Amino acid sequence: MATLQERKHYRDAIMKALYETTEGNRFLGVTGAKLRDDLQIPEQDLAAACAYLVGEGLVTVDWAQGNTPVMVTLTHQGIRLMEAEEEEQG
């Protein structure tokens with residue numbers, strides 16, 4: 001299982017990838033397989049990170065059997081968070 005630092009990194013990486021790929025459009029999503037492959041996150045850590053982000057209200061996830069994320073989409077709150085971070089960075 002991932003360390004706390006790794007878990008935080010995975011969650012941040014997922015949010016950034018979703019925001020960049022969908023250009024902040026909550027009608028678009030990214031497959032769990034693409035996130036796993038692009039970010040090189042182990043399957044169980046991807047599921048755990050997605051579950052955490054769902055709990056925070058930042059993403060929605062369509063789940064397959066075995067707790068595998070099929071499609072991950074930013075929520076309105078998730079988009080606002082990412083826009084705020086983008087504004088802070090200039």
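Predicted model: local features only at pLDDT ≥ 70, side-chain atom pairs only at ≥ 80, totals over all residues.
Salt bridges, then: a search of the whole structure finds three of them, where the term means a side-chain nitrogen of Lys or Arg within 4 Å of a carboxyl oxygen of Asp or Glu. Residues are numbered from 1 along each chain as its sequence is written, and side-chain values use heavy atoms, with hydrogens and water left out.

Let me take the pair in the helix. Asp-38 forms a salt bridge with Lys-34, and their closest N and O atoms lie 2.6 Å apart. These two residues are four apart in helix α2, residues 32–39, and are therefore separated by about one helical turn; helices here are DSSP runs of H or I with at least four residues, numbered from the N terminus. Lys-34 has a relative accessible area of 39% and is partly exposed, that is, between buried, under 20%, and exposed, over 50%, with a 1.4 Å probe and protein chains only.

Now to the network, in which salt bridges link Arg-36, Asp-37 and Glu-43. Arg-36 pairs with Asp-37 at 3.1 Å between the closest N and O atoms, and Glu-43 forms a salt bridge with Arg-36, for which the corresponding distance is 2.9 Å.
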